[in-house]
Amino acid sequence: MSLVDKFSLLGLALTVVALTATLLQFRLARKQRNDLRKISDSMSTRYLGSFPDYLHHVVNLLDSAESSIEIIVGNPTPAYFSSKKIWVSYKQVIERKAHDDLDITIICSSEEQRKKRLLMQFPTNEDEWLNWIPKYSDILDEFLRNSNINLSGTCNSQAELLDLLIAVQNRELCNTFKIGSINLREVNSLISVQVWIVDKSQAIFAIQTQTASNSAMSYGLHTADAQFVKALRCMFALYN
């Protein structure tokens, strides 16, 4: 074998080794990426986002329930004002599960406490009304069109808006949450941690905070940790 042939074979061998090493590195990188994805997917508690975005996850969680649903909320009609589409999905999944005879418990704040919560959610006094309206005029117009409560189709003050919101909540408490297997309780407490638990095994909870502008904001998290879910279920004993 000539020296040229030997170098050719050596070059071919080195090429094969390099390609093999590259393939192994690629497979290792893909395995590491998959492992990281599995680790992320298996985390027992994860952040879902801020209101109202995390409510999409709440709807999916409730839809997965097979035997029981447990809910603690300050506002029984989440996103009715800010995102009617999300509220309708939330309402429909609860109605469907109630007609399927699942064991459903809903605890929400009393009307007096819900008014306090709305004052936190809409921190606008009468002097600020004219500044507030332009920012939320589209949402307010949609709310007035869809609420079927204010026949005039107008809202001229903060107090009138809060009265309309309370009226909507009270209507839904009677029409939506008192059907089928739903056990509904109103409590004289300002609930700041919202909880949705399905089948006593998974939960989404939302923590409400105050922003620098003194308005309310909440953030949702999901957990499948058995001890964490058990601790959240203990909250129901606080409202008995």
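A polar contact is a pair of N or O atoms within 3.5 Å; within protein, one of the two must be able to donate a hydrogen and the other to accept it, and residues adjacent in sequence count only if both atoms are side-chain atoms.

## Basis of the report

The model is predicted, so local features need pLDDT of at least 70 and side-chain atom pairs count only at pLDDT 80 or more, while totals for chains, interfaces and linings use all residues. Residues are numbered from 1 along each chain as its sequence is written, and side-chain values use heavy atoms, with hydrogens and water left out.

## Overall fold

The chain holds seven helices and seven strands, where helices (H or I, at least four residues) and strands (E, at least two) are DSSP runs numbered from the N terminus. Read along the sequence, these elements follow the pattern α-β-α-β-α-β-α-α-α-β-β-β-β-α.

Of the 240 residues of the chain, 38% count as buried; buried means under 20% relative accessible area, exposed means over 50%, and partly exposed lies in between, with a 1.4 Å probe and protein chains only. Among the contacts in the chain with a separation of 6 or more, 73% come from residues 24 or more positions apart, a contact meaning heavy atoms within 4.5 Å.

## Two residues of strand β7

Thr 223 belongs to strand β7, which covers residues 216–223. The residue is buried, with a relative accessible area of 0%, and its side chain is joined to that of Thr 45 by a polar contact of 2.9 Å. Leaving out residues up to four places away in sequence, Thr 223 touches Ser 44, Thr 45, Ser 201, Gln 202, Ala 203, Phe 205, Phe 228, Val 229 and Leu 232.

Tyr 219 also lies in strand β7, but it is partly exposed, with a relative accessible area of 33%. Its C-alpha atom is separated by 5.2 Å from that of Ala 206, a residue 13 residues apart from it along the chain. With residues up to four places away in sequence not counted, the residues that Tyr 219 touches include Tyr 47, Gly 49, Ser 50, Tyr 54 and Phe 205.

## Nonpolar cores

A nonpolar core is a set of buried Ala, Val, Leu, Ile, Met, Phe, Trp, Tyr and Cys residues joined through side-chain atoms within 4.5 Å. The largest such core has 47 residues, and those with the most contacts inside it are Leu 62, Tyr 90, Phe 143, Leu 161 and Trp 196. Helix α6 (residues 158–175) gives the most to this core, with seven residues. Apart from it lies another core, of 13 residues, among them Ile 197, Ala 203, Phe 236 and Tyr 239.

## The cavity

A search of the whole structure finds one cavity of 30 Å³ or more, and about 30 Å³ of space lies in the largest cavity. On a 1 Å grid over the protein atoms alone, a cavity is a set of points where a 1.4 Å probe fits but cannot get out, and lining residues have an atom within 4 Å of a point; grid points are joined across faces, edges and corners, and a volume is the space filled by probe spheres set on the points.

The largest cavity is lined by Tyr 80, Phe 81, Lys 84, Ile 139, Glu 142, Phe 143 and Asn 146. Helix α5 (residues 129–147) gives the most to this lining, with four residues. The lining divides into four nonpolar, one polar and two charged residues, with Ala, Val, Leu, Ile, Met, Phe, Trp, Tyr, Cys and Pro counted as nonpolar, Asp, Glu, Lys and Arg as charged, and the others, Gly among them, as polar. Phe 143, which is one of the lining residues, is in contact with Tyr 80, Phe 81, Leu 161, Leu 164, Leu 165 and Val 168, leaving aside its neighbours within four places in sequence.

## Backbone features in loops

The peptide bond from Phe 51 to Pro 52 is cis, with omega near 0 degrees, and Pro 52 sits in the loop between β1 (45–50) and α2 (55–63).

Ala 79 is not a glycine, although it has a positive phi of about 70 degrees; its place is in the loop between β2 (68–73) and α3 (84–99), and at 3% relative accessibility it counts as buried. Asp 101, also a residue other than glycine, has a positive phi near 65 degrees and is found in the loop between α3 and β3 (103–109), where Asp 101 is exposed, with a relative accessible area of 62%.

How values were computed. 1 Å grid on protein atoms, 1.4 Å probe; cavity = no way out; pocket = protein on both sides within 12 Å on 5 of 7 lines; lining within 4 Å.
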